[in-house]
Amino acid sequence: MSSIPMEYYLILSAFMFSVGVAGVLIRRNAIVVFMCIELMLNSANLTLVTFSSYLGNSIGQVFVFFVMTVAAAEAAVGLAIIIAIFRNKKTVNIDEINIFKW
Amino acid sequence: MVIINLIYLTTLLPLAGFLINGLFGRKIKNEKIIGIIGSAAVGISFLIVLGAFIQTLGLPTEERSNTVELFSWLNVGGLHIKFAYLVDQLSLTMSLIVTGVGFLIHVYSIGYMHGDKGFWRFFAYLNLFIFAMMNLVLGDNFVVLFLGWEGVGLCSYLLIGFWYDRKFEKGTTSQAAKKAFVVNRIGDFGFLLGMFLIYMTFDSLNFKEVFSRAASFPIAESTFGLIALFLFIGATGKSAQIPLFVWLPDAMAGPTPVSALIHAATMVTAGVYMVSRASIIFASAPVVMTVVAVTGLLTAIMAASIGLVQNDIKKVLAYSTVSQLGYMFLAAGVGAFSASIFHVMTHAFFKALLFLGAGSVIHGMHDEQNIQKYGGLKKYMPKTYITFFIATLAITGVPGLSGFFSKDEILWSAYANGGFVFWLIGAITAMLTAFYMFRLVSLTFYGKERFDHHHIHPHESPALMTVPLMILAFLSVVGGYVGIPKVFAGEHGNLFEGWLEPIYAPAQAKLATFGSHTHLEEILLMAVSVAAVLSAIYFSLHVYRKNPQIAENVSNKFKGFYNLLLNKYFVDEAYEAAVVQPIQKGSEKFLWKIFDVKIIDGMVNGVASLVESGSGFIRKIQTGVTQSYAVVMMVGIALALLWLILSL
């Protein structure tokens, strides 16, 4: 593991994050947007683990556990919201859910 | 010093009466209890004033002016106002009149207001009035005086509009009340300016300090003139002189005891009292003295001439009051301050009596006030008739009654200090007074009965009303003997003048000394004026008692002049056209429709529409599409990161 340079992990993480951002910004389906958010969270997790491992400091890994817990809770709530919206509007396309405007 | 130190009770008791009747009167309901509380508060005050008066009489002359300090009232910067009462010859004289006549009128009111749904309210207001009036006359500085000054104005307003649901002439009683209040405010403004100027000039508002400084400080005559003029403007408002007299005739919208107490005996004399109190300031401004005298003289003759043709019994008396107040200012203006206060006193007796007698007639005639619809009431109301007749003799100045002494002293002072023209106009006014008063008596008590016998059954009033009439009639007869002219009583014979002399000594020192006139001259003038008055009485009786058609012929012959008098010289109409209409039109056309609507509203609405149009443009960025917000956020974060990286 130590043979693989740290940059590789960071580049992978940055790539995953960028994919997540792009997905959030351009996808219409709320489920997909939601998955992209998970992707961004996990890319951040990867970065944390990388630094933790390379610096020999376990705090980063502890943080990752917290992030995963929160992400799980957020996933539960988020999916519930999406289901509630679907029941009301028969759609999960977020460009059709635009009632919060002037 | 014991009773003098209790003088604060004379304001405290009426205040207590006001609070009890005002707060609980509606619950008490029982007219007897309310009336007794109201009357007792004033009656006990009268006894205290009487005690203080007797005690002061026992003191040597130089110790007769005492100050009773109650508490420190205002402390602002260098201004220290104490709430204190000045018990001296002048304030005691006024206090005796206010509480004495006030008490009689309170008792009378128990009978007069019997059965009125606002009985408790009436007594509460009357007591409040006595409280304010006592502060006015007892105050030891201009601020306490001003407190009373405004207080009596308020009570006047409340009592004129007492029957607020009744019609009065072309409007309502509330309009009459408002008119009185507004006109009074104009005068009050002048009084306030005068007070400010006094404080600027003398650095004090305390009577003793101001007046001693006025006598000794080297102050320009123009400053004195300005102060005196402002104070006099205040006096014209309160005491119904030209040009601010228009409110007093309308004040007759109030119940008759109010007209007697406030608009004849006490409040309207406040201006005379104030001028008299500040005599040294007026005496230091000879020009303003002349203004005061001429104003008084013109008011006297003008009001008397209007009184000749009025048909409302209270209106005649109202104009008579204005006219008599004019006499008082004439006296003050020619430097005879004690004569003016003397006339205040005798006038309080006989004019209160006249008004109360008129009230008794109105009471007996079921609220009819038109003297053309009276006639022959003598046999129905003998007590009212006799007392009314005595008061009429007193006001016309028939020798031997109180009015003769005070009026004669004023006329003599007018001649001695003012000149022959002053005396002549004063004497003509006395003739007019005699004429319209006997016209009033003839039309009311003599002649054919001109009322509708089916609906109106004249009757004498109850004892509660007639006893005060008799007491006042007694005072109207004997009240003058405290001021017998020097020509009859010798150098120290005029008790009233001697009693008030110390108050006016500084003012008299500044005034030009009396010209040398012989006793013969004085007696001759007196004889002439008495003869004139008697002939006016005879003429009046001849016309109105025996040959009423003469009056009709004369009024037809001089129709223009008659209408001029009947319409009160069109002063009300002139004010309406010159003051009220421009203010109303200006307010409506400019202040409301242009300034308020266009400028004020325009500014407020302009700001609002600016915000609205701006936000109408900006709100377009709120698309409601979450992703567009996310894009903005991302771009923002990216830029922030870029800036961080570049700045490293």
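## Basis of the model and chain A

Helices (H or I, at least four residues) and strands (E, at least two) are taken here as DSSP runs, numbered from the N terminus. On that basis chain A has 3 helices and 0 strands, and its elements run α-α-α from the N terminus on. The structure is a predicted model, in which local features need pLDDT of at least 70 and side-chain atom pairs count only at pLDDT 80 or more, while totals for chains, interfaces and linings use all residues. Residues are numbered from 1 along each chain as its sequence is written, and chains are lettered from A and ligands numbered from 1 in the order in which they are written.

The C-alpha atoms of chain A fill a box of roughly 50 × 25 × 25 Å along the principal axes. Its radius of gyration (taken over C-alpha atoms, with a globule rule of 2.2 Å times the number of residues to the power 0.38) is 17 Å, whereas a compact globule of 102 residues would have a value near 13 Å. Burial is judged by C-beta atoms placed from the backbone: a residue is buried if 20 or more others lie within 10 Å of its own, exposed if 12 or fewer, and partly exposed in between. Of the 102 residues in chain A, 9% are buried. Two residues are in contact if their C-beta atoms, placed from the backbone, lie within 7 Å; among the contacts in chain A with a separation of 6 or more, 45% come from residues 24 or more positions apart.

## Contact between the chains

The contact takes 10 residues from chain B and 10 residues from chain A. The side of chain B that touches chain A has 4 nonpolar, 5 polar and 1 charged residues, where Ala, Val, Leu, Ile, Met, Phe, Trp, Tyr, Cys and Pro count as nonpolar, Asp, Glu, Lys and Arg as charged, and the others, Gly among them, as polar.

## Hairpin and helices of chain B

Strands β1 (residues 66-76) and β2 (residues 79-87) of chain B run antiparallel and are joined by 9 bridges, two strands being paired if DSSP finds at least two bridges between them. They form a hairpin with 2 residues between them, and G77(B) in the turn has a positive phi of about 60°; V76(B) has L79(B) in β2(B) as its bridge partner.

The expected span of a helix is 1.5 Å times one less than its number of residues. For the 24 residues of α4 (residues 89-112) of chain B this should give 34 Å, which agrees with end C-alpha atoms 34 Å apart, and 23 of the 24 residues of α4(B) are buried. Helix α27 (residues 626-647) of chain B, with 22 residues, reaches 32 Å from its first C-alpha to its last, close to the 32 Å expected; the number of its residues that are buried is 0, so α27(B) lies largely in the open.

## Backbone exceptions in chain B

Most residues other than glycine have a negative phi, and most peptide bonds are trans. A cis peptide bond, with omega about 5°, joins I242(B) and P243(B), and P243(B) is found in the loop between α9 (221-238) and α10 (247-250).

H366(B), although not a glycine, has a positive phi of about 55°; H366(B) lies in the loop between α16 (337-364) and α17 (382-396) and counts as exposed because it has 12 C-beta neighbours inside 10 Å. K568(B) also has a positive phi of about 55° without being a glycine, but K568(B), in the loop between α25 (559-566) and α26 (571-618), counts as buried with 21 C-beta neighbours inside 10 Å.
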